[in-house]
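Which charged side chains pair up in this model, and where do the partners sit along the chain? Look at the structure first.

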Amino acid sequence: FSKIFADIDDSLDQTAFMPLEREFNKVIGQHYSQEKLTTILEKIDKLSEQKELQFINHTVTETLDGDGVQVKITIFEGDKFTIERINIVGNSVTNDSVVRGEMAVDEGDPYSALLINKSINKLKARGIFSQVTKKITEGSTPDVKILEIAVEEKATGEIMAGVGIGTDGKSFQFAVSENNWLGKGVKLDTVLNLTEESISGSLHVRDPNYNFSGNSVWGGIDIASTDMSATSGYESKRTGFSLGTAFEQYENIFISPSIKGTYENISAKSDASASIQKMDGTFNNIDFTYSITQDKRNQTFQATDGYKLKFTQGLPLVQDSSAIMHGFNLTKYHGFSDDVIGTLKVYGRSMHGVDDDVRLTSRLFLPANKLRGFQTKKVGPKDGDDWIGGNYNTAVGFEAQLPNLLPEATRT
């Protein structure tokens with residue numbers, strides 16, 4: 001970029017776009033990239049939204065200037081019209097209410113390309129449509145338009161069954177998941193796991209837009225039974241439930257409180273180790289967990305820039321051999337080029353016992369998606385031959401989204 005500047009129409013408030021100068025200075029002298037230019041245009045849209053300038057439009061003129069590119073961004077007030085009607089087409093399974101619930105504009109609102117594009121991005125992020133497009137047609141009078149949202153539904157359900165034989169013995173897993181249960185956009189997940197030493201199952205339901213409030217609500221139950229008497233000298237039976245919600249408290253700041261209750265019975269044999277015998281007994285726990293998330297991604301669907309930072313803490317309400325949990329997650333996106341998007345992921349958790357050491361069955365293991373190539377719960381501290389988990393864990397990973405090397409028709 002040899003030069004980049006904005007030509008703002010005289011009818012607009014010039015001071016509203018003063019922050020653009022700082023954005024322009026960041027890219028002048030840098031290698032030309034359509035991705036960087038798009039980021040600046042998104043900044044203009046963001047400023048327009050903050051200043052409630054619904055009818056702002058912009059065009060870009062690029063001119064070769066020696067070895068560089070001169071970019072002129074013309075900002076002007078476009079045609080003013082309102083949305084007379086919103087038509088939803090292409091949804092044979094999904095209820096209209098699911099699509100309308102993600103729309104940031106409604107019938108009778110001023111037309112805003114920024115808010116409509118934001119709505120389409122949110123619809124894509126739901127994961128229930130393979131394609132979402134918009135079309136503007138004439139309304140009943142010249143000052144109103146009809147907005148048509150066309151969606152193409154995709155398969156949202158999945159049934160999985162697997163059998164494994166390895167050094168740990170035989171295992172079986174069965175899972176059913178659905179992202180659009182009954183066409184209402186509700187997510188349903190059920191899992192059943194069987195091994196030679198344990199059996200566990202769970203059922204979780206999440207409504208991403210409960211009662212069209214924009215808030216997410218979820219609940220679930222978990223049941224597990226483990227028999228480690230032959231190796232570690234204990235048996236455990238555990239039943240639990242969870243209820244929670246998530247909402248945007250401030251701009252890009254999300255709060256997620258939840259309640260989790262568990263009942264667990266641990267029976268330790270007389271020849272078990274001292275650390276395991278200390279865990280013998282019946283435990284009832286109710287924990288309050290909350291998360292604070294700052295989401296500064298440039299878009300929720302296939303982000304190419306920005307970051308998402310999450311802090312989590314679990315506090316015991318009923319202290320029965322309870323523990324306090326702290327955690328954080330960081331996901332950072334960076335575009336190395338228009339086709340290569342890098343992602344840095346940092347994960348950490350800590351568990352601290354309130355009155356005593358952390359209960360054996362509450363200790364930490366790295367999730368399978370954070371430590372690929374290793375057996376789940378087979379990394380960390382050991383008691384004899386048994387993996388017992390730890391009080392701290394962390395993981396750092398890097399991913400890269402590469403361009404599609406095959407024709408688009410192959411849908412790889």
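The model is predicted. It holds 10 salt bridges.

| Pair | N to O distance |
|---|---|
| Glu102 and Lys122 | 3.7 Å |
| Glu102 and Arg126 | 2.5 Å |
| Glu399 and Lys345 | 3.4 Å |

**A network around Glu102**

Salt bridges link Glu102, Lys122 and Arg126 in a network. In the pair of Glu102 and Lys122, the N to O distance is 3.7 Å. Glu102 sits in the loop between α3 (96–101) and α4 (113–125), and Lys122 in helix α4. These partners are 20 residues apart, so the bridge links distant parts of the chain.

Glu102 also meets Arg126, at 2.5 Å. Arg126 lies in the loop between α4 and β5 (129–138), so this pair ties together parts that are 24 residues apart in sequence.

Glu102 has a relative accessible area of 7%, so it counts as buried, the cut-off being under 20%. Arg126, at 10%, is buried as well. Lys122 is partly exposed, with a value of 34%.

**A bridge between two strands**

The side chains of Glu399 and Lys345 form a salt bridge at 3.4 Å. Glu399 belongs to strand β20 (residues 392–401) and Lys345 to strand β17 (residues 341–353). The two residues are 54 residues apart.

How values were computed: Residues are numbered from 1 along each chain as its sequence is written. This is a predicted model: local features need pLDDT of at least 70, side-chain atom pairs count only at pLDDT 80 or more; totals for chains, interfaces and linings use all residues. Side-chain values use heavy atoms; hydrogens and water are left out. A salt bridge is a side-chain nitrogen of Lys or Arg within 4 Å of a carboxyl oxygen of Asp or Glu. Helices (H or I, at least four residues) and strands (E, at least two) are DSSP runs, numbered from the N terminus. Buried means under 20% relative accessible area, exposed over 50%, partly exposed in between (1.4 Å probe, protein chains only).
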